[in-house]
Amino acid sequence: MAYVIVDTCIDCKDASCVACCPVDCIYEGPRTFYIHPDECIDCGICVSVCPPEAIWEDAEVPKHLTHFIAINKEFFSDAVTGLGSPAGASSVGAALRDHPVVAATARAPTRQA
Ligand code: SF4
Ligand code: SF4
């Protein structure tokens, strides 16, 4: 089990979750953050600090968003970033690429003044 970040984090990136994670397992991409499925200790602390409610326990992810379980995992694979299991997001900094599904997500229209 692990916690998972879903679509409402994309282009939000408030980062409150990063500051409160006791094991530093929330990694940054250009448009969103990703939770490392093997490094997350399932404490649930990050859920309450996320303004757009983007963090879910994997077993509880709404049906239409379950593909984000694979997205969080695949972000660390050789096919995306090749990060593997660095055991700490602060030591690697922000990745240069997002998962392709996130990268292809349409941006919200900017507000007219
Ligand atoms: S607190 Fe929520 S919206 Fe902010 S970076 Fe974390 S997951 Fe994304
Ligand atoms: S559930 Fe806990 S360990 Fe997992 S990402 Fe959230 S704060 Fe970090």
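This is a predicted model: local features need pLDDT of at least 70, side-chain atom pairs count only at pLDDT 80 or more; totals for chains, interfaces and linings use all residues.
Local features are taken at pLDDT of at least 70 and side-chain atom pairs count only at pLDDT 80 or more, while totals for chains, interfaces and linings use all residues. Residues are numbered from 1 along each chain as its sequence is written, with chains lettered from A and ligands numbered from 1 in the order in which they are written.

Three helices and four strands make up the secondary structure of the protein (DSSP runs numbered from the N terminus, with helices being H or I of at least four residues and strands E of at least two). Along the sequence, they come in the pattern β-α-β-β-β-α-α. The radius of gyration is 13 Å, close to the 13 Å from the globule rule for 113 residues, so the protein is as compact as a globular protein of that length (the radius is taken over C-alpha atoms, and the rule is 2.2 Å times the number of residues to the power 0.38). The C-alpha trace spans about 45 × 30 × 25 Å along its principal axes. Among contacts between residues at least 6 apart in sequence, 71% link residues at least 24 apart; a contact here means C-beta atoms, placed from the backbone, within 7 Å.

Turning to the interior, 31% of the 113 residues count as buried. Buried means 20 or more other C-beta atoms within 10 Å of a residue's own, exposed means 12 or fewer, and partly exposed lies in between, with C-beta atoms placed from the backbone. Leaving aside residues up to four places away in sequence, Ile35 touches Ala2, Tyr3, Val4, Ile5, Cys25, Ile26, Cys40 and Asn72.

Ala15 sits in the loop between β1 and α1 (16-20). This residue counts as partly exposed because it has 14 C-beta neighbours inside 10 Å. Its C-alpha atom is 25 Å from that of Ala79, 64 residues apart along the chain.

Methods:
Two residues are in contact if their C-beta atoms, placed from the backbone, lie within 7 Å.
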